[in-house]
Amino acid sequence: MGNWRRICINWAPFPSETAEKDYNRQEKFRGNTLREDWIPGRLLGGGGNDDGPRCVILTGEAPYIQEIVLPLGHSFVVQGSNGEFPFLTSSERLEVVSRARQALPKDKLLLAGSGCESTQATVEMTVSMAQVGADAAMVVTPCYYRGRMSSAALIHHYTKVADLSPVPVVLYSVPANTGLDLPVDAVVTLSQHPNIVGIKDSGGDVTRIGLIVHKTRSQDFQVLAGSAGFLLASYAIGAVGGVCALANVLGSQVCQLERLCLTGQWEDAQKLQHRLIEPNTAVTRRFGIPGLKKTMDWFGYYGGPCRSPLQELSPAQEEALRLDFASNGWL
């Protein structure tokens, strides 16, 4: 697989295809890249390809996507943490995937967040998302009963989902939102499943990311950084990519950081990474989705309103957000 065991498969719309076609989908999944996130119906982020970084963020009307994104982007994520998926109905979640798939050609990877609280609901959502066009499923840890989410419980959950999923599965650990880290021993066990191909780790613990890379090195398993704030460190420790909220606003800069890391230009990469830390924190931990959507508006895209109960930023918060970008030379 070379240095990049990346995420990509060709689109095949229904899980009832022949076993041969399903096998081909699995193999093609392990040949390309995935990097960004999409706010549903409004925001699309494009990754790069082997010819160099390609990033673009734009509004979600299909003609605009086809005209502007497709020459640049290669792969896409819908309903990651910035997709407000906990506030969408099941039918809305499926509609987001369906509309994104309709706007993209068959050779563009579409990875969809299908995680739910119960195993059965996650299986059903994953199968349904595959039926409307998802090429892979990113499954967040169930967390409402986090006190009982032991390694054994999570291994059982993900194994059942992967066994029944018609598309490859990417584990998703985001403790800032769930209060739960997917344990390393569970990740190592799950990495051996033939339909589990990687993990997006958003915890920010670089030693943990390095340990997962080390302990899964014999598997066909990829580790993706879940934030631009520690993207350089993750590359240095062996991660192969990232899914980054900041790429919705500073997409070309995030891809430039990737290119610098992959070509060993560490001094320049360090300088760029330093300038991305404060903006990244601002649109994640500090101001979250309201902050990300506000910066979308500033950069000429469409962020739009948040789903309730999320609230818009106050004038003071908006000024603080602007300062985090301006002081690093982005505004």
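Tyr172 has Lys200 as its bridge partner in β7. Strands here are DSSP runs of E with at least two residues, helices are runs of H or I with at least four residues, and both are numbered from the N terminus. Two strands pair if DSSP finds at least two bridges between them. The model is predicted: local features need pLDDT of at least 70, side-chain atom pairs count only at pLDDT 80 or more, and totals for chains, interfaces and linings use all residues. Residues are numbered from 1 along each chain as its sequence is written, and side-chain values use heavy atoms, with hydrogens and water left out.

**The sheet**

Tyr172 also links to the other neighbour: it is the bridge partner of Val140 in β6. The strands belong to an open sheet of 7 strands, ordered β3-β4-β5-β6-β7-β8-β9, with parallel pairing. Its edge strands are β3 (75-78) and β9, each pairing on one side only. Strands of a sheet pair through backbone hydrogen bonds, either parallel or antiparallel.

| Strand pair | Sense | Bridges |
|---|---|---|
| β5 (residues 136-140) and β6 (residues 169-173) | parallel | 4 bridges |
| β6 and β7 | parallel | 5 bridges |
| β7 (residues 196-201) and β8 | parallel | 4 bridges |
| β8 and β9 (residues 241-242) | parallel | 2 bridges |

How many residues of β7 are buried? The count is 6 of the 6, so β7 is largely enclosed by the rest of the structure. Buried means under 20% relative accessible area, exposed means over 50%, and partly exposed lies in between (1.4 Å probe, protein chains only).

Strand β8 (residues 222-225) is buried as well: Gln222 and Leu224 point one way, Val223 and Ala225 the other. In a regular strand the side chains alternate between the two faces of the sheet. Gln222 is the bridge partner of Gly198. The chain gets from β7 to β8 through helix α8 (residues 206-215), in a right-handed β-α-β crossover. Right-handed means that, with the strands pointing away from the viewer, the path from the first strand over the helix to the second runs clockwise.

On the β9 side, Ala225 stands opposite Gly242. Helix α9 (residues 231-237) carries the chain from β8 to β9, and this β-α-β crossover is right-handed.

**A buried loop residue**

Val249 lies in the loop between β9 and α10 (251-262). Its relative accessibility is 4%, so Val249 counts as buried.

**Rings and charges**

Rings of Phe, Tyr and Trp (its six-membered ring) pair if their centres lie within 6.5 Å; planes under 30 degrees apart count as stacked, over 60 as edge-to-face and the rest as tilted. This rule gives 2 aromatic pairs. One of them joins Tyr144 and Tyr145 edge-to-face, at 4.9 Å centre to centre and 85° between the planes. Both Tyr144 and Tyr145 are exposed.

A charge sits over a ring if NZ of Lys or CZ of Arg is within 6 Å of the ring centre and within 35 degrees of the ring normal. The charged end of Arg275 sits over the ring of Trp330, 3.8 Å from the centre. Arg322 places its charged end over the ring of Trp298, 4.1 Å from the centre.

**Whole chain**

The protein chain has 13 helices and 9 strands. Of its 331 residues, 55% count as buried.
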